[in-house]
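The structure is shown first.

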Amino acid sequence: MNSLGAAPAVRLDGATVRFTSERGSVTALENVGLQVPPGGFISLLGPSGCGKSTLLRLVADLVAPTQGAVTVLGGPPETARLNRELGFVFQDATLLPWRSALENVRLPLEVGPKKRDRSGLRKPEELLRLVGLGGREDALPHELSGGMRQRVAIARALVAEPRILLMDEPFGALDEITRDTLNEELLRIWQETGTTILFVTHSIPEAVFLSQYVLVLATNPGRVRELVECELPYPRPLSVRETPEFIRIASHLRALLQTC
Amino acid sequence: MADKPTAVIAEPAAPLRERAPIVSKPPRARSQALLPFVAAAVLVAAWQILAQVFSLPIYIAPTPMQVARTLVSELPTLMRNFVPTALESLVGFVVGNTIAIVVAVVFVHSRRLEAALYPIAVFVNTIPILAKAPILVLIFGLGMTSKVVIAAFICFFPTLANMVRGLTSVNPQSLELMRVLSASKAEVFWKLRVPSSLPFLFSALKIASTTSVLGAIVGEWIGADLGLGALIIEATHNFRSPLLYATVFVSSAWAVVFFAVVSFAERRIVTWKQGEVS
């Protein structure tokens, strides 16, 4: 088991997920053990089909484990979901096209069980400013660029003040320049909010730049290959990617991925 | 000499900000909107000239001028017959679409009922309206009720089919989002399914706006004392061609106005772009 110390925000014990269809069964994840401390930033890296997204969906209570246990904030994932402690950002912004940017951010406050402690809730307008979209509150999604839409999705995920933020390749469809900007902003938001972040990505530089630890998954069946620490001090400027330490970690990950 | 590329470095006048492209209508769009009117004017003029050159008898093909004159002189008759047709098509439109929307909602909530009843709806829809109309007149009598029912019938199926599709064709990722937010079934319905279905609903309503007028007129053909359909039959039998053409013009104008009102409502309500944003 990979331990990161402290009482974990997310804990998986021998979690296995098997999808059964008429054509047979596929093991998406096998015997995954993981502990993520509160406030941690962990990236999930691995080839296609290694079960990165499935791991995220386990934590989000969108998929149930076939075997093993998943614990989120000390209880089952369902409790965390009903307590509104989970924020999810998809690869597509998944904005409701008939709602303005502000109304999209407000959606989590309008549906589902209400949070008991509402004192910590941030105002939607404030969150839009936090993601750099102050002044675009009334814009409809089709009037925004891809990067701006993804910012709205991040603000929406944060509005219910979740203690855990799950991000499934949120910047995968964006160009590199926009991606760099959003990476920097995400780190700023993470440090400002203290949210635990699980971040799925295909990009080695992105994983190393953002996270404290990178969980490398192997495919067929999806399983943990290694947990790599990114020993680079925060705050990290974009130029950290040119330091020898960064390059060392990145090339280690690249070598690892070739064996996955 | 110029074997090296050159470039002029420009300073931005205002600070650059990430912005979505602003789409402005090309100036061509306005002149293109006039094209159908020009084409219509040319066709009407050609009709006037051909009818005069070949001096066609009025009962075969009246000239546009004769139709226009009739439109003015017979205005009281036309209006007296217009009111019931307009009423029948309007009430039929409201009734038919309301029932279709309610049935679609029921179908979406009960796959079993849909499996049982949808094929029957398809079957009834395959019966031509000209065959359905006499049956409905026999059941509902010669008054306005039978015409309203026929107009409602003709609206029903396209709206049902579109509404079922609209309510079920929700982006699966949006459903996952609602699940992470622990949204209730009712919240998913009102906040996600209903708005997603509106573009589909309006496509159906635009079809229904013109077919409901058709339904009312067909109903009046089967038997009615008053209404544009009755006037069409009467004018045809009496060889009053200018009146026939004028009646057709009034019924078309009503259908166009009806369609325009629904389109206007659509533009006011469906302000977002379908399918472009996931």
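A crossing of two helices is called left-handed if the near helix is turned anticlockwise from the far one by less than a right angle, and right-handed if clockwise. The model discussed here is predicted.

**Helix packing in chain B**

By that convention, H8(B) and H9(B) form a right-handed crossing. H8(B) and H9(B) pack with their axes 7 Å apart and at an angle of about 50°. H8(B) is therefore oblique to H9(B). On the side of H8(B), the contact is made by Ala216(B), Ile217(B), Val218(B), Gly219(B), Glu220(B) and Trp221(B), and on the side of H9(B) by Leu228(B), Gly229(B), Ala230(B) and Ile233(B). Sorted by class, this contact has 7 nonpolar, 2 polar and 1 charged residues.

Helix H9 of chain B covers residues 228-237, and its buried residues are Leu228(B), Gly229(B), Ala230(B), Leu231(B) and Ala235(B). The cover over these buried residues of H9(B) includes helix H3 (75-109), helix H8 (185-222) and helix H10 (241-269) of chain B. Just after H9(B), the backbone at Phe239(B) has a positive phi of about 55°.

**Contact between the chains**

Chain B puts 22 residues in contact with 26 residues of chain A. On the chain B side, helix H7 (172-180) and H8 are the elements that give two or more residues. H7(B) gives the most, with 7 residues. The side of chain B that touches chain A is made up of 9 nonpolar, 6 polar and 7 charged residues.

**Domains of chain A**

Chain A is assigned two segments, 10-85 and 163-257, as domain 1, and residues 97-161 as domain 2. The centres of domain 1 and domain 2 of chain A, taken over C-alpha atoms, are separated by 23 Å. Contact between these domains of chain A involves 12 residues of domain 1 and 12 residues of domain 2. Helix H6 (residues 176-193) of chain A gives the most to the domain 1 side, with 5 residues. That side of domain 1 of chain A divides into 8 nonpolar, 2 polar and 2 charged residues.

**Leu29 of chain A**

Leu29(A) belongs to strand S2 (residues 24-36) of chain A. Leu29(A) is buried because 27 other C-beta atoms lie within 10 Å. Beyond its neighbours within four places in sequence, Leu29(A) is in contact with Ala15(A), Thr16(A), Val17(A), Gly51(A), Thr54(A), Leu55(A) and Gly222(A). Ala157(A) is 128 residues from Leu29(A) along the chain, and their C-alpha atoms are separated by 26 Å.

**Backbone geometry in chain A**

| Feature | Value |
|---|---|
| Asn220(A) to Pro221(A), cis | omega near -10° |
| Tyr234(A) to Pro235(A), cis | omega near -5° |
| Arg84(A), positive phi | phi near 60° |
| Glu169(A), positive phi | phi near 45° |

Pro221(A) sits in the loop between strand S8 (213-218) and strand S9 (223-229) of chain A. Pro235(A) is in the loop that runs between S9 and helix H8 (244-257) of chain A.

Arg84(A) lies in the loop between helix H2 (77-82) and strand S5 (86-89) of chain A. Arg84(A) counts as buried because it has 23 C-beta neighbours inside 10 Å. Glu169(A) is in the loop between strand S6 (164-168) and H6 of chain A. Glu169(A) is also buried, with 20 other C-beta atoms within 10 Å, and a residue is buried if that count is 20 or more.

Definitions and conventions. Residues numbered from 1 in each chain as written. Chains lettered and ligands numbered in written order. Predicted model: local features only at pLDDT ≥ 70, side-chain atom pairs only at ≥ 80, totals over all residues. Domains from an automatic or database assignment. Contact = placed C-beta atoms within 7 Å. Helix = DSSP H or I, 4+ residues; strand = E, 2+ residues; numbered from the N terminus. Nonpolar A, V, L, I, M, F, W, Y, C, P; charged D, E, K, R; others polar. Buried ≥ 20, exposed ≤ 12 C-beta atoms within 10 Å, placed from the backbone. Axes fitted to C-alpha atoms, helices over the stretch in contact; angles between N-to-C directions. Parallel < 35°, antiparallel > 145°, perpendicular 65-115°, else oblique.
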